[in-house]
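Dear colleague,

Here is the structure I promised to pass on, with some notes on its pockets below. Please read them alongside the model.

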Amino acid sequence: MQINDQIPMPEQPRPIVIIGAGGIVSDAHLPAYQIAGFKVAGITDIKQEKAVSLAQKFSIPNVYASVEQAVAHAPANTVFDIAVPASALPGLLPKFPRGAGILIQKPMGEDLAQARQLLSICREREYTAAVNFQLRTAPPVIADRHLIEEGNLGELNDIEMRVTVYTPWHLWDFLEKCQRVEILYHSIHYIDLIRSFLGDPKGVYAKTVKHPKMMKMSSVRTTLMLDYGEFVRATINTNHCHEFGLKHQESYLKFEGSQGAIKIHLGVLMDYPKGTNDEFEVCLLRGEQEAEWQSYEIRGSWFPEAFIGSMSSLMRKLEDPSRPLPTSVEDAFVTMSCVEAAYQSSEGGGVPLH
């Protein structure tokens, strides 16, 4: 069986200027651009020493003292890669040139009201803007989508994301100040991914909770279901506090259809940030034969290769405006609407017993 796991690339890659020099830039953005051969022209961060350190590590020629300086000295046709906390985005977005290409690290603001404000700024400034929902372009997800679109699974009726891991939240200390964490900064990826396969849900059911050993975090565990009617199930279950070793940790994305199933083990979330190996398994029903799972080798993973895809998608859109931009700010706004609905559901509580 032929499986397509390749990320479409731009014909003429554009220079990139990065705003922000935090862990996600160091661990994912820059390694991905290095693999892809994308040129990073410069970087800036409010903590200048972080920008200098990454510039030295990844041979970035320019460290800018401010966003304003980065914009003033950016090469022609620069794509601005913005990787800052969501709370900084409303004040930051208007600083870029009118009509610029912009990739915004998720989430698209801290809540739906802020997402609406950011969408308005992008429209008024005529940006070609996308949100970095890069899980859509992870090679195993590209492979999965190819098999589904080719009809191998038949009619898709079930998507399940399960995460039972121990996440070192202290690596992102700014999250301790956020009123929303797990859904907004983590499960949002899976909400967006499910939307990319099934379209927009009718509604959302959710409960997100804290953990006694992580009291500084507003929430670290979530159970969530997207409503696609009576024949399709789409669920997300996350527990970031499983501190009992790797034996029973889980991190998988599973698709089931009328004729087959695919299970993707996402190793990056296990033993983070070291990670474990990915696995890509397929089971296709063949008449009366006993169902068997087959493993396939996929070239690339969520970290860092998926980050090639999100930047490449934006560059391809800038090359040819007729091409789709799957994670445009317009589409990302709908994902943010789902996130908002999830928090409202969680706060509303369950049906009381009678």
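**Pockets between the domains**

The lining of the second largest pocket divides into six nonpolar, ten polar and six charged residues, where Ala, Val, Leu, Ile, Met, Phe, Trp, Tyr, Cys and Pro count as nonpolar, Asp, Glu, Lys and Arg as charged, and the others, Gly among them, as polar. This is a predicted model, in which local features need pLDDT of at least 70 and side-chain atom pairs count only at pLDDT 80 or more, while totals for chains, interfaces and linings use all residues. Residues are numbered from 1 along each chain as its sequence is written, and side-chain values use heavy atoms, with hydrogens and water left out.

A pocket here is an open set of points on a 1 Å grid over the protein atoms alone, where a 1.4 Å probe fits, with protein on both sides within 12 Å along at least five of seven lines; lining residues have an atom within 4 Å of a point. Of the 22 residues lining the second largest pocket, Pro8, Thr137, Ile142, Arg145 and Pro326 lie nearest its centre. The largest share, six residues, comes from α8 (helices being DSSP runs of H or I, at least four residues, numbered from the N terminus).

The largest pocket is lined by 46 residues, with Ala83, Val84, Pro85, Trp172 and Phe174 nearest its centre, and its lining has 27 nonpolar, twelve polar and seven charged residues. Domain 1 (16-135 + 306-323) and domain 2 (136-301), with bounds from an automatic or database domain assignment, both give residues to this lining, so the largest pocket lies between them.

Best regards

How values were computed:
Helices (H or I, at least four residues) and strands (E, at least two) are DSSP runs, numbered from the N terminus.
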